[in-house]
Amino acid sequence: MIWILDITMLFFLVVCAIAAISIKDLLSAIIILSAYSLIMAIVWVEMHSVDVGFTEAAVGAGITTVLFIATLARTEGRSED
Amino acid sequence: MSGIIDIVYAEYNYWIYVTLMMIGFYAMIAKKNLIKKIIGANIFQTAIFLFYISLSDITDGTAPILVGEHGAEHAEHAADVIYTNPVPHCLILTAIVVAVSTTAVALALIIRIYQEYGSLEEDVILAARRELQPEFSEHARQKSVAEVGEQ
């Protein structure tokens, strides 16, 4: 475990989580959630759990984002809070 | 005091996991938009996954892939290798798939709610329901009166 990489990635993780729930434009929030998932995958690969890392990169950052954007195409893209 | 700093430093993964979990929990409770609630649920789930993966990691451990399987030249080296615990990895691999499935079901329900009420804001949906509710209860009352009348 490279601890300086670990701490940097965990810091970006918290920043992305706060940004994803506080941005009013829902498409931006979803893209930031995708970036959050990708950073989480990097943290896991760095903690030697490679299988979980690439599953999260494919499923968490890929399919979840596609599902969210498909929902957004059928509903509205602005949030009040 | 140095004991507290040692605990914070040695287990910083757990502090980040608790922070992320509370961020997700706050979004699930306080945000009015339904998609924001689902984003909060996703953050909550991945925070718990982070806890499990942190739990399985060992100092100086390596990925749980067999060392020295092919050829005997690494065979004496293989006994010294420390692997991280693979059991939480298997649990979380299953949990990631379940998380995607629950997200998909929730988003399908959100599309249906939007078709019915024309909004994703929770207060607008609740106000629309309250407007519809007297009509429903009046209909139910008339139906029960008619049933009693028939008897």
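Residues are numbered from 1 along each chain as its sequence is written, and chains are lettered from A in the order in which they are written. In this predicted model, local features need pLDDT of at least 70 and side-chain atom pairs count only at pLDDT 80 or more, while totals for chains, interfaces and linings use all residues.

**View 1. Chain A.** The secondary structure of chain A consists of three helices and zero strands, where helices (H or I, at least four residues) and strands (E, at least two) are DSSP runs numbered from the N terminus. The order of elements from the N terminus is α-α-α. Along the principal axes, the C-alpha atoms of chain A fill a box of roughly 45 × 20 × 10 Å. Chain A has 81 residues, of which 38% count as buried. A residue is buried if 20 or more other C-beta atoms lie within 10 Å of its own, exposed if 12 or fewer, and partly exposed in between, with C-beta atoms placed from the backbone. Of the contacts in chain A with a separation of 6 or more, 55% are between residues 24 or more positions apart; a contact requires C-beta atoms, placed from the backbone, within 7 Å.

**View 2. The side of chain B that touches chain A.** In chain B, 39 residues are in contact with 36 residues of chain A. Helices H2 (12-30), H3 (34-56) and H5 (87-117) of chain B each supply at least two residues of this side. H5(B) provides the largest share, 12 residues. By class, the side has 22 nonpolar, 12 polar and five charged residues. Here Ala, Val, Leu, Ile, Met, Phe, Trp, Tyr, Cys and Pro count as nonpolar, Asp, Glu, Lys and Arg as charged, and the others, Gly among them, as polar.

**View 3. H3(A) against H5(B).** Helix H3 (residues 50-74) of chain A packs with H5(B) at an angle of about 0°, their axes 10 Å apart. Axes are lines fitted to C-alpha atoms, for helices over the stretch in contact, and angles run from 0 to 180 degrees between N-to-C directions. The two helices, H3(A) and H5(B), are therefore roughly parallel to each other (angles under 35 degrees). Residues of H3(A) in this contact include A:Val59, A:Ile63 and A:Leu67, and those of H5(B) include B:Ile96, B:Val100 and B:Leu107. The contact of H3(A) with H5(B) has 15 nonpolar, six polar and three charged residues.

**View 4. The largest nonpolar core.** This core has 41 residues, and those with the most contacts inside it are A:Leu13, A:Ala17, A:Ala20, A:Tyr36, B:Leu20 and B:Ile39. A nonpolar core is a set of buried Ala, Val, Leu, Ile, Met, Phe, Trp, Tyr and Cys residues joined through C-beta atoms within 7 Å. H1 (3-22), H2 (26-46) and H3 of chain A, together with H2, H3 and H5 of chain B, each supply at least two residues. H2(A) gives the most, 11 residues.

**View 5. Surroundings of A:Ala17.** A:Ala17 lies in helix H1 of chain A. With 30 other C-beta atoms within 10 Å, A:Ala17 is buried. Not counting residues up to four places away in sequence, A:Ala17 touches A:Tyr36, B:Leu20, B:Ile23 and B:Ile43. A:Tyr36 is 19 residues from A:Ala17 along the chain, and their C-alpha atoms are separated by 6.8 Å.

**View 6. Confidence in chain B.** Chain B averages a pLDDT of 84, and 79% of the residues score at least 70. pLDDT is the predictor's confidence in each residue, from 0 to 100. Among the elements of chain B, helix H4 (residues 75-78) has the lowest mean pLDDT (60) and H5(B) the highest (94). The model scores ipTM 0.93 and pTM 0.84.

Definitions and conventions:
Contact = placed C-beta atoms within 7 Å. Parallel < 35°, antiparallel > 145°, perpendicular 65-115°, else oblique.
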